[in-house]
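Here are my notes on the model, written as numbered points. Have the viewer open while you read.

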Amino acid sequence: MQTMSPNHTPDTASVFQLKGSMLAITVLELARNDLEALDRQLAAKVAQAPNFFSNTPLVLALDKLPADEGAIDLPGLMRICRHHGLRTLAIRANRIEDIAAAIAIDLPVLPPSGARERPLEPEPEVKKPEPAPVPPPILEPEVRPTRIITSPVRGGQQIYAQGGDLVVTGSVSPGAELLADGNIHVYGAMRGRALAGIKGNTKARIFCQQMTAEMVSIAGQYKVCEDLRRDPLWGTGVQVSLSGDVLNITRL
């Protein structure tokens, strides 16, 4: 007769859980099949904000490519992205050749933008009623105090406010980087990089008394200096907010 070891776990005990999660993931939307131009333009973007392109998770959106554009070299496209610090998790596509190329290398395919996945409808199973589970206690979210920096932030410095807001009363030099899970306030000249809501908080905002930043970002959506300089509010007091996937810059 076999005996069960005291450390043996019955097969009925669950060893995993499936959970949903909302993550901020960068989407690279390809407008035309020109990998050489993409390589050059990505290199220029990386030069403007090198820390932002460091092992960044990426979805390749190929669903905007014209139908007559020709088959894209998907492995070559992924190599270019990987070279610039972008890690491809999946593609979004509607052309047969793009979907086939992804399946060939075991890369997940997401539905095109605006499309909805067909819900699965498994046949119902008749089960014996089980006792209602006891809901877990509701835990209050951990709120950390605002981090306040009273000295100027110099080039090469990186300051992170984990779980809260970041306030800088002085100036931020080029090459400096501010990161916060919440909002960022800069009361001096903002000439470095400011990344708010870095864990996906789309309600986060950036407030600057003098906007001359190298880059601003909220929940993964960003604008670099090249884009910011074209804004009529460049060099003035502004607030930056996120609406959908668009960064809005308005006067303070």
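1. A word on terms before anything else: two strands count as paired if DSSP finds at least two bridges between them. Keep in mind too that this is a predicted model.

2. With that in hand, look at E29, whose bridge partner in β2 is A61. The link between β1 and β2 (residues 56-61) consists of 4 bridges, and the two strands run parallel. Strands of a sheet pair through backbone hydrogen bonds, either parallel or antiparallel.

3. Zooming out, β1 and β2 belong to an open sheet of 4 strands, ordered β1-β2-β3-β4, with parallel pairing. At its edges sit β1 (26-29) and β4 (109-110), each of which pairs on one side only. Helix α2, spanning residues 74-83, packs on this sheet and touches β1, β2 and β3 (86-92). If you want the angle, the direction of α2 makes about 145 degrees with that of β3.

4. Now for the other sheet, which is also open: 6 strands in the order β5-β7-β9-β11-β14-β15, and here the pairing is mixed. Its edge strands are β5 (147-149) and β15 (246-251), and each of them pairs on one side only. From one strand to the next, the twist averages 20 degrees.

5. How do β11 and β14 run relative to each other, parallel or antiparallel? They are antiparallel, with 3 bridges joining β11 (residues 206-211) to β14 (residues 238-243). For a specific pair to click on, take C208, whose bridge partner in β14 is V238.

6. On packing, the largest nonpolar core has 30 residues, and the members touching the most others are L166, L178, I184, I206, I218 and V240. As background, nonpolar side chains in soluble globular proteins tend to be buried together.

7. Setting aside residues up to four places away in sequence, I184 touches L166, L178, L179, A194, L195, A196, R205, I206 and F207.

8. Last one: N183, in the loop between β8 (177-180) and β9 (184-190).

Technical notes
Residues are numbered from 1 along each chain as its sequence is written. This is a predicted model: local features need pLDDT of at least 70, side-chain atom pairs count only at pLDDT 80 or more; totals for chains, interfaces and linings use all residues. Side-chain values use heavy atoms; hydrogens and water are left out. A nonpolar core is a set of buried Ala, Val, Leu, Ile, Met, Phe, Trp, Tyr and Cys residues joined through side-chain atoms within 4.5 Å. Buried means under 20% relative accessible area, exposed over 50%, partly exposed in between (1.4 Å probe, protein chains only). Contact means heavy atoms within 4.5 Å. Axes are lines fitted to C-alpha atoms, for helices over the stretch in contact, and angles run from 0 to 180 degrees between N-to-C directions.
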